[in-house]
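Look at the sequence and the 3D view before you start.

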Number of protein chains: 2
Amino acid sequence: MRRAVVLLSGGLDSATVLAGAVRDGFEAHALTVRYGQRHAVEVERAAELAGSLGAASHRVVLVDLAFPGGSALTDPSIPVPVPDRERAIGSAVPVTYVPARNTVLLAVALAWAETIGARDLFLGVNAVDYSGYPDCRPAFLDAFEALAASATRAGAAGERFRVHAPLLRMSKKEIVLRATDLGVPVGRTISCYDPGPGGLPCRRCEACVLRARGFREAGLADPAVMEAAP
Amino acid sequence: MRRAVVLLSGGLDSATVLAGAVRDGFEAHALTVRYGQRHAVEVERAAELAGSLGAASHRVVLVDLAFPGGSALTDPSIPVPVPDRERAIGSAVPVTYVPARNTVLLAVALAWAETIGARDLFLGVNAVDYSGYPDCRPAFLDAFEALAASATRAGAAGERFRVHAPLLRMSKKEIVLRATDLGVPVGRTISCYDPGPGGLPCRRCEACVLRARGFREAGLADPAVMEAAP
């Protein structure tokens with residue numbers, strides 16, 4: 001059974017990736033990074049999802065990415081923006097961008113992977129219905145794979161690390177359908193950048209807007225929103 | 001004045017790099033990562049050195065790299081090895097290798113650099129008198145520079161990040177001479193992997209052995225060892 005490290009945020013996308021890796025036969029070790037995100041309730045849901053989706057293990061690791069500031073996701077003084085039109089999302093890098101976040105997440109995943117003998121890294125980035133983050137693009141993933149080959153003892157010995165981003169070219173609609181197909185408890189995933197008590201989605205931030213569009217186009221109701229409705 | 005982020009461990013090499021960046025006119029922002037290393041006294045010395053060497057600012061950031069285990073530098077149950085011959089050093093990746101460490105350090109440096117408008121990253125890796133770590137080689141640095149271009153908002157906008165490793169091709173002797181030339185308080189730097197109280201070097205680990213050879217070949221006494229002598 002091949003081992004893999006799966007980055008698991010507690011959101012819909014990474015939960016779908018974890019479920020897919022398990023279904024594809026990987027011994028999937030889930031890694032959640034607590035990096036100072038304001039939506040820390042994600043981390044609690046990640047632990048729950050790792051268990052329900054069949055991860056072989058789950059680790060929560062602390063990395064201070066709040067210290068540079070400048071992102072609405074890590075700096076409480078910067079409000080999470082409310083997009084005024086769906087089509088504006090993705091046209092520029094928004095203030096919810098966390099500098100070099102996916103580089104740091106993959107670097108920590110690589111450290112763990114090398115230690116436990118995993119050569120496959122999974123993450124839930126998406127370059128279709130997304131917010132315009134540079135580190136969600138195919139070129140970034142290719143560059144990280146190239147880096148991993150020279151950055152590690154295993155790579156120096158000729159072994160290859162692979163970065164899997166199975167949702168990369170899927171629309172949110174397709175992700176919703178895939179999550180449902182894989183039996184992901186979508187009502188327990190949190191996409192919202194600024195959730196209320198208990199993880200209730202705000203229904204206004206770009207992540208909520210993109211998620212709502214995905215469910216609408218899939219012809220499905222979002223249990224997370226229904227449960228949050230008054 | 002160009003801004004730079006300089007990774008500063010508190011060791012001789014990174015202190016020399018910081019001093020060189022300051023002399024070359026950079027507004028140098030020093031970054032120390034507390035990653036779970038057993039030689040945490042390094043971090044205290046880093047703060048002292050940042051001040052004495054003229055860093056514009058200094059930040060200490062927490063990143064848990066001890067969690068994967070497997071390295072003598074982060075796992076107290078694994079003893080720091082004592083090489084039996086100098087020439088054996090570097091012939092294989094030793095147990096002091098911390099998986100993907102330099103990838104993580106550079107990723108955090110990149111996050112800070114992007115936020116403060118720095119496009120130059122400095123680190124003190126060395127590929128001559130070194131321990132055989134894969135992430136100290138030129139190919140790794142080139143791969144990281146390529147990654148930075150696709151991983152960041154600034155890179156996506158066409159700006160270029162540069163990774164500077166000015167000691168890369170220097171011998172330890174040359175580094176000792178350069179440190180002295182730059183006025184680095186070498187007696188306050190800590191290279192030892194397993195220092196005693198107050199940062200006293202063990203004089204037996206591979207880092208101590210390489211450092212001692214550098215001073216010997218430079219024809220200089222190491223003030224850190226002299227102060228540690230009984």
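Two exercises with worked solutions follow.

This is a predicted model: local features need pLDDT of at least 70, side-chain atom pairs count only at pLDDT 80 or more, and totals for chains, interfaces and linings use all residues. Residues are numbered from 1 along each chain as its sequence is written, and chains are lettered from A and ligands numbered from 1 in the order in which they are written.

**Exercise 1.** Describe the sheet of chain B.

Step 1. Take the strand order: five strands form an open sheet, S3-S2-S1-S4-S5 of chain B, with parallel pairing. (Strands are DSSP runs of E, at least two residues, and helices are runs of H or I, at least four, numbered from the N terminus; strands pair if DSSP finds at least two bridges between them.)

Step 2. Find the edges. S3 and S5 (162–164) of chain B each pair on one side only.

Step 3. Zoom in on one pair. S2 (27–34) and S3 of chain B share six bridges. In S3(B), B:Ser57 is the bridge partner of B:His29.

**Exercise 2.** Describe the side of chain B that touches chain A.

Step 1. Count the contacts (C-beta atoms, placed from the backbone, within 7 Å): 39 residues of chain B are in contact with 39 residues of chain A.

Step 2. List the suppliers. S3 (57–62), H3 (101–116), H4 (138–151) and H5 (153–156) of chain B each give at least two residues.

Step 3. Pick the largest share: H3(B), with ten residues.

Terms used
Contact = placed C-beta atoms within 7 Å.
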